[in-house]
Amino acid sequence: MNWRISGVKKIKLFCLPYAGATSFIFSSLGSKVHNEIEVCPVELAGRGIRCDEPFYENFEEAVNDAYETIKDSLIDSPYAFFGHSMGSWLALELYHKILEKGHNKPIHIFFSGNKPPHIPFSQKKIHTLPQLQFKQELLKLGGTKEEVFDNEELAKIFIPILRADYKIIENYKYVEKANKIDCGVTIFNGTLDVFTEDEIKLWQKYCEYECRIINYEGGHFFINDKMEEIAECISDTIMSQMLL
């Protein structure tokens, strides 16, 4: 397929990270997606180039901050969202925030590695656990390497970020919205993740149109091994919609 679309600005793909991550996790995605797509990682406060800024007190603060970060880029360019784990809930709330502020809707949203937020937490809250128990719980998920805890310098950097992110996730209370998502939606799911098939299917409850679910082999952090396939899916999906 010839995806070249003359006269149209690049489609911005705003990427929202999982708990404890910086925008760097999306650094390889830019070279893998179609050249009409501009990958725009969103850096959250308290990490990366924003390491001197305070952490968020709650999820609403994170959503509002992400909106302020991207709002000027929404004016004259088509765009989409890709959020993994915590980032998927940020993408959901950002969608409604953006429409509330009168901006054009995205052309597509990719929710990855998470159940819809109306489903109560089945796992215990971990952000207040002592260091050893906190480490054990995170290692079960597989996204944080043991060396982060064992290396004193790394631990000083990343443990506070992880605790701060889990605090806002575990205290987040989803409020049902008046309107459903009025754009294309794709769900990326790891076959070995903790979420059930029935839970993942409940994303449909949020969507005006039928959402697509794509399963990838792997656990919660399947995106680390499947970025090539994910990039291809994102490219095919976005560019196909731009041709409609």
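**Entry 1: the whole chain**

I noted before anything else that this is a predicted model. I counted the secondary structure next and got seven helices and six strands. Read from the N terminus, the order is β-β-α-β-α-β-α-α-α-β-α-β-α. I then checked the radius of gyration: it is 18 Å, close to the 18 Å that the globule rule gives for 244 residues, so the chain is as compact as a globular protein of that length. Along the principal axes, the C-alpha trace spans about 55 × 35 × 35 Å.

Of the 244 residues, 52% are buried. Among contacts with a separation of 6 or more, 79% join residues 24 or more positions apart.

**Entry 2: helix H7**

How far does H7 reach between its end C-alpha atoms? I found that H7, residues 223-242, spans only 25 Å, whereas a straight helix of 20 residues would span 28 Å. I went looking along the helix and found a kink of about 45° centred on Glu229.

Next I listed its buried residues, which include Ile223, Met227, Ile230, Ile234, Thr237 and Ile238. I was reminded that an α-helix has 3.6 residues a turn, so residues three or four places apart point the same way. The cover over the buried residues of H7 includes strands S1, S2, S3, S4, S5 and S6.

**Entry 3: helix H5**

I turned to H5, residues 152-170, for another helix span. Its 19 residues reach 26 Å from first C-alpha to last, close to the 27 Å expected at 1.5 Å a residue. H5 still has a kink of about 30° at Phe158, shortly before the proline Pro160.

What caps the N-terminal end of H5? I found Asn151 there, with a side-chain oxygen 3.0 Å from the backbone nitrogen of Glu153. The buried residues of H5 include Ala155, Ile159, Leu162, Tyr166 and Ile169, and Asp165 and Glu170 are also on that list. They pack against helices H1, H2, H3 and H4.

**Entry 4: Thr186**

I picked Thr186 in strand S5. Thr186 counts as buried because its relative accessible area is 0%. Which side chains make polar contacts with that of Thr186? I found His108 at 2.7 Å and Arg212 at 3.0 Å. Beyond its neighbours within four places in sequence, Thr186 is also in contact with residues including Phe110, Ile214 and Thr237. Thr237 is one of the buried residues of H7.

Buried or exposed: which is Cys15? Cys15, in strand S1, is buried, with a relative accessible area of 0%. Its contacts, sequence neighbours within four places aside, include Phe26, Leu29, Val39 and Phe82.

Asp198 sits in helix H6 and counts as exposed because its relative accessibility is 58%.

Cys15 and Ile169 are 154 residues apart along the chain, with 18 Å between their C-alpha atoms. Asp198 and Ile169 are 29 residues apart in sequence and 21 Å apart in space, C-alpha to C-alpha.

Technical notes. Residues are numbered from 1 along each chain as its sequence is written. This is a predicted model: local features need pLDDT of at least 70, side-chain atom pairs count only at pLDDT 80 or more; totals for chains, interfaces and linings use all residues. Side-chain values use heavy atoms; hydrogens and water are left out. Helices (H or I, at least four residues) and strands (E, at least two) are DSSP runs, numbered from the N terminus. The expected span of a helix is 1.5 Å times one less than its number of residues. The bend at a residue is the angle between axes fitted to the seven residues ending there and the seven starting there. Buried means under 20% relative accessible area, exposed over 50%, partly exposed in between (1.4 Å probe, protein chains only). Contact means heavy atoms within 4.5 Å. A polar contact is a pair of N or O atoms within 3.5 Å; within protein, one must be able to donate a hydrogen and the other to accept it, and residues adjacent in sequence count only if both atoms are side-chain atoms. The radius of gyration is taken over C-alpha atoms; the globule rule is 2.2 Å times the number of residues to the power 0.38.
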